[in-house]
Amino acid sequence: MTDVTFASLGVAEPILRALAAENYTHPTPIQARAIPALLAGRDLLGIAQTGTGKTAAFGLPLLQKLSIGHVPPRPREAKALILAPTRELAVQIEESLRTYGKFLNLKRAVILGGVSQNAQINAMKNGVDILVATPGRLLDLVQQKHIRLDAVQVFIVDEADRMLDMGFIRDVRKIVAQLPRERQSMLFSATMPDDIVKLVGDMLKSPERIEVTPQGRTADRIEQKLYYVPMPQKRQLLSALLKDEAMNRVIVFTRTKHGANRVAEHLSKTGVVAEAIHGNKSQNARQRALEMFRSGKARVLVATDIAARGIDIDDISHVINFELPNEPESYVHRIGRTARAGGEGIAISFCDASERDYLRDIERLIRNKITALPHDLPEMTEAQKAQAEEPRRPHGHRHGKPGHKFGGHKPGGGGPAKKRNGSRAHWNRKRDAA
Ligand code: AMP
């Protein structure tokens, strides 16, 4: 938090009132720097993760710009377009803008894949001020001429690196190609891989560049701990840790969808209310699970990386990495779910012998060694020992069959490719993710 106020940054009255109602007393660092630049009409490159307050950083100037001299939108047009990689993030952005803009009279819509398009077509019939969308469905509706992009004055890409991970970058480029040249543009990304640097070059004009957490450095306020624990004993350890009532709002991360289901079922059987969220669940089921967790009815949310992207829930007391992610950047994203907006948080990781390489990659990225703690679990049972010796399939995926649809024609032929350092080669990484 900083000493400046929202008013001193130039934020106008009806928005100030909404912020006061939310108890936002001071702008976060990214807000303090982004708001004046955006109000002055600059383009922006924000290198920041969620949890830094980036939604309000772009949202407040956007609302202000659209409300000044407001004229109603024309049919099928959007004056501002925000692209998000996941449905959850798109819904959350819309909710935040609704909150910050509650004393303004702006029309918004959300366009998402995975649900019927009729309601979305209807919502766009008379045009909107702000459209939040995932790229695939947006392009569909543009191609069907239900939406026109030629009136977009402000264009925002959120979590651009995730767009890349999820294979959306070509769609994003197609969308950019349809926008008017004269516009204000912003791009947010936690990391800056080459493809994003290129997109920035094509999309932004002499942008203000704001970097809030240096790449790969985890927030200092997060206490990070580690248990070396064999896979068959991880559930036992999880249950033991959850006896601590201080763990009141916990996200448990698994690498696979099946893993998420199994952990949630195990917890439910032991009397801990837990919900799972992953890419195999319908949009409605995901929203329901999130709501249970947000309202505190479920104490634990078990999630995969992609499903958890953009989950914006405050006061998460603990993040538990039930399995370590195979991409070290995901570790940074995961633990960033706790200690949001100035709070404190604890991240606990479980590391099995087969995950040591992942741990080493993570520690290299965060430039820190994570403190390992002893646990007092009993010796493994015979059944657990047998399980531990079972050859591990990729990512703990137990239902994989030969000729699995993701197998494809990958270099090296049969068997998952491994790099020299033992971590999985990139072409084998995305199976069953999220
Ligand atoms: P974001 O990085 O946009 O996902 O925001 C992270 C969280 O911080 C959200 O829950 C916001 O409601 C909250 N937040 C954003 N800006 C502020 C602020 N200036 N003061 C307090 N909370 C904030």
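Let's start with where the ligand sits: domain 1 (13-211) and domain 2 (222-380) both give residues to the shell around the ligand, so the ligand lies between them. Those domain bounds come from an automatic or database domain assignment. Before going on, a word on the model: it is a predicted one, so local features need pLDDT of at least 70 and side-chain atom pairs count only at pLDDT 80 or more, while totals for chains, interfaces and linings use all residues. Residues are numbered from 1 along each chain as its sequence is written, and side-chain values use heavy atoms, with hydrogens and water left out.

Back to the ligand, then. Which residues come nearest? Of the 16 residues around the ligand, they are Tyr24, Gln31, Gly51, Gly53 and Thr55; a residue is near if one of its heavy atoms lies within 4 Å of the molecule. By type, the shell divides into 4 nonpolar, 8 polar and 4 charged residues.

Now for some distances to oxygen atoms of the ligand. A polar side-chain atom of Thr55 lies 2.6 Å from a ligand oxygen. For Gly53, a backbone N or O atom lies 2.7 Å from an oxygen atom of the ligand, and for Lys54 a backbone N or O atom lies 3.3 Å from one. How much of the ligand does the protein cover? On its own the ligand has 500 Å² of accessible area, and the protein covers 89% of that. Accessible areas here come from the Shrake-Rupley method with a 1.4 Å probe, and for residues, only the protein chains shown count as cover.

Buried means under 20% relative accessible area, exposed means over 50%, and partly exposed is in between, with a 1.4 Å probe and protein chains only. Helices (H or I, at least four residues) and strands (E, at least two) are DSSP runs, numbered from the N terminus. β1 runs parallel to strand β6 (residues 184-189), joined by 4 bridges, and Leu45 stands opposite Leu187 there. β1 also pairs with strand β7 (residues 208-211), in the parallel sense, over 4 bridges; in β7, Ile210 stands opposite Gly46. Two strands count as paired if DSSP finds at least two bridges between them.

There is also an open sheet of 7 strands, with parallel pairing, in the order β10-β11-β9-β12-β13-β8-β14. At the edges stand β10 (274-277) and β14 (371-372), each with a single partner strand, so one side of each is left without a neighbour in the sheet. Inside that order, 4 bridges join β9 (residues 250-253) and β11 (residues 300-303), and Val250 has Val300 as its bridge partner in β11.

My pick from this sheet is β13. Why is β13 called largely enclosed by the rest of the structure? Because 7 of its 7 residues are buried. Gly345, Ala347, Ser349 and Cys351 point one way from β13, and Ile346, Ile348 and Phe350 point the other way.

Follow the chain into the loop between β13 (345-351) and α15 (356-366) and you find Ser354. Ser354 is partly exposed, at 40% relative accessible area. Its side chain makes a polar contact of 2.7 Å with the side chain of Asp352. A polar contact is a pair of N or O atoms within 3.5 Å; within protein, one must be able to donate a hydrogen and the other to accept it, and residues adjacent in sequence count only if both atoms are side-chain atoms.

Arg76 is in the loop between α3 (54-67) and β2 (78-83), and Lys145 is in the loop between α6 (135-143) and β5 (154-157). Buried or exposed? Lys145 counts as exposed, at 62% relative accessibility; Arg76, at 34%, counts as partly exposed.

How values were computed
Ala, Val, Leu, Ile, Met, Phe, Trp, Tyr, Cys and Pro count as nonpolar, Asp, Glu, Lys and Arg as charged, and the others, Gly among them, as polar.
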